[in-house]
Amino acid sequence: MASVGVRAVCALRAFTPTCFSRLQNGLSRNFQFAVQRNLSVSHRVFADLKYTEQHEWVRLDGAVGTVGITAKAAESMGDLVYVEIAEPGLEVDQGDECGSVESVKAVSDIYAPVSGKITDRNTDLSDTPELVNQDPYGEQGWLFKIELSKPEELDALMTEEQYTAFITEE
Amino acid sequence: MSSLLLARPSVRLLLLAAGRRALSARPAAPQPEALSVFLSQSHNVFTNLALEDWLYRNFRFGRHNLLMVWRNAPCVVIGRHQNPWREVDTHHLHAAGMPLARRNSGGGTVYHDLGNLNLTFFSAREQYDRSANLHLVADALRQGWGFDITVNERDDILLDGAFKVSGTAAKLTRNTAYHHLTLMVNVDTDSLHRSLERPLYSGHRSLEWPLHGLKSGATESVPAPVRNLADGAPSVSMDKIVAAIGQMYLKQAGKQASRGFQMVNPSDEWFPGLAALEAGLADPGWVYGKTPRFSHTFRLAACSNVEVEVQVEKGLITSVQPLPPDNSAGVSGTEWVRSILPSAFPELLASLVGEKYCADIARRTETLLLGHTGSADTCRSDRRILAM
């Protein structure tokens, strides 16, 4: 399905405005009922992504946010060889260290983009850390889930547009 | 930041200058206006690692950057996510009185002694440039002694195109980056090879328990042929190497930027909070407890070659299971042991759960299974290894 193909391609690069409009164009060519279904799926996958200056993203689903690192971060780190995330149950404040990733180049700290309690972490990453490089935004490469204690913190994070501008500046 | 006010005047000036930087907006990789070289007066690996930690936590680099120069008395240092039992023979290190440390940056296992020079380049995160640092060191060595020095794709510094004289690792945090590397000037290579020899036998010499049955996701070292800079170059001495590299570093931002060499005594008085960092690094809960989850499978020759699998998490044993052979359908491990060794005590294996894993786990398992008591537990003394 064309829309799925476009979605997969978008996941592999930094999410850009042209990517999103291409997604919308692809959708409008589908059948009416498919458009309904695809719109809601694509909104769930790409909408509500907020970004931090430490190149992390948060995707909100109800009261729980999924956190990962951006494609730009994964690319600059190189292949990850080890991922360590704090244990579920840990309460963190925004900006607290809650894990580290090691690539062939360096160990980098992971920070909590929002305050809350860590509810889940991606255990697949302990055996296959390179999933983060392969699928940084998706089902395989996410790092941890956090139950937000202060949802208003999301407002101060960067939108996809602001993040794109941020990384182009550097 | 209030603890910084307790620091001595010269250090305080350095800290205030760095602190002013914190008020400015996020810049695009500015060049530093001042550079210093700190020479640590300590030879204790935990103290020096703690000092590195302290500097990256308490300084805001960017306008004033730092090169820390340090050496350690003989010890072995493993990378952040490594498995010490896979990398070194922990019993041998203990017998030799050599401390084992785990650093915060990644990479592999290294042997340090006073013939090994450690260099840590501190900068703001956006200024992090590993390649530039390595080439700086390479240039200093080439210009001073005419060595055939190259930097390869793994970021190793090679002598004569083949011998590794340096290993590199780095850590990146929100605002700061540090890149440290080792440089073999005059290392005792016999001691190095003995210390980095991976154990083939764990425990009893008469029984073979190869550690190749160790499965884990921990990062592994990549061995390479090594050589000292001083081999075949009599004019090389540690002091001269330090001077050459230090001067090359200080010249980078122009003459007015150099703040020169500074002897640093890493004490809690000068660096408030250092003692706590040092205690954390020397704690077995860090050195051994940070080991990624792994399993170790071995055969016990004295118990009819029964295969046992031990699972270890955070350095503690979480399960000890005898494994029945593949063709014995439905038989549990315990039943299998009872069937081949009626006098064994497989239920005693549960007492190992929660205990600290140690290199002679196979011998301990055998002792329990056979119901033997009173044999000296070499692991107990192993576990008391701290800073020496």
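This is a predicted model: local features need pLDDT of at least 70, side-chain atom pairs count only at pLDDT 80 or more; totals for chains, interfaces and linings use all residues.
Next, how do chain A and chain B meet? On the chain B side, 22 residues are in contact, and on the chain A side, 20. Between them the two chains bury about 1700 Å², with 39% of that on carbon and sulfur atoms. There are 13 residue pairs in polar contact between chain B and chain A, counting pairs with both residues at pLDDT 80 or more. If you ask which element of chain B gives the most to the side touching chain A, that's strand 10, with 3 residues. And by class, this side of chain B has 5 nonpolar, 8 polar and 9 charged residues.

So, on to the charged pairs. How many salt bridges does a search of the whole structure find? The total over all chains is 15. Between chain B and chain A, the count is 4.

Here's one to look at on the screen: B:K171 with A:D109, where the closest N and O atoms are 2.8 Å apart. B:K171 sits in strand 10 of chain B, residues 168-172, while A:D109 sits in strand 7 of chain A, residues 107-111, so this pair joins two chains. Are these two buried or exposed? Both B:K171 and A:D109 are buried. Another salt bridge pairs A:E87 with B:K314, and there the closest N and O atoms are 2.3 Å apart.

B:D156 forms a salt bridge with B:R154, at 3.3 Å from N to O. B:D156 also forms one with B:K164, with the closest N and O atoms 3.6 Å apart. B:R154 counts as partly exposed because its relative accessibility is 46%. B:D156, at 7% relative accessible area, is buried, and B:K164 is buried as well, at 18%. Elsewhere, A:E84, B:R80 and B:K290 are joined into one network by salt bridges that share partners.

Last stop: helix 8 of chain B, residues 274-282. Which residues of this helix are buried? They are B:L274, B:L277, B:L281 and B:A282. Looking down the helix axis, these buried residues fall within an arc of 130°, so they line one face of helix 8. As background, an α-helix has 3.6 residues a turn, so residues three or four places apart point the same way. And what do the buried residues of helix 8 pack against? Within chain B, they pack against helix 2 (45-58), strand 4 (100-102) and helix 9 (284-287).

How values were computed: Residues are numbered from 1 along each chain as its sequence is written. Chains are lettered from A and ligands numbered from 1 in the order in which they are written. Side-chain values use heavy atoms; hydrogens and water are left out. A salt bridge is a side-chain nitrogen of Lys or Arg within 4 Å of a carboxyl oxygen of Asp or Glu. Helices (H or I, at least four residues) and strands (E, at least two) are DSSP runs, numbered from the N terminus. Buried means under 20% relative accessible area, exposed over 50%, partly exposed in between (1.4 Å probe, protein chains only). The arc is that of the directions from the helix axis to the C-beta atoms. Contact means heavy atoms within 4.5 Å. Buried area is the accessible area (1.4 Å probe) that two parts lose on being put together, summed over both. A polar contact is a pair of N or O atoms within 3.5 Å; within protein, one must be able to donate a hydrogen and the other to accept it, and residues adjacent in sequence count only if both atoms are side-chain atoms. Ala, Val, Leu, Ile, Met, Phe, Trp, Tyr, Cys and Pro count as nonpolar, Asp, Glu, Lys and Arg as charged, and the others, Gly among them, as polar.
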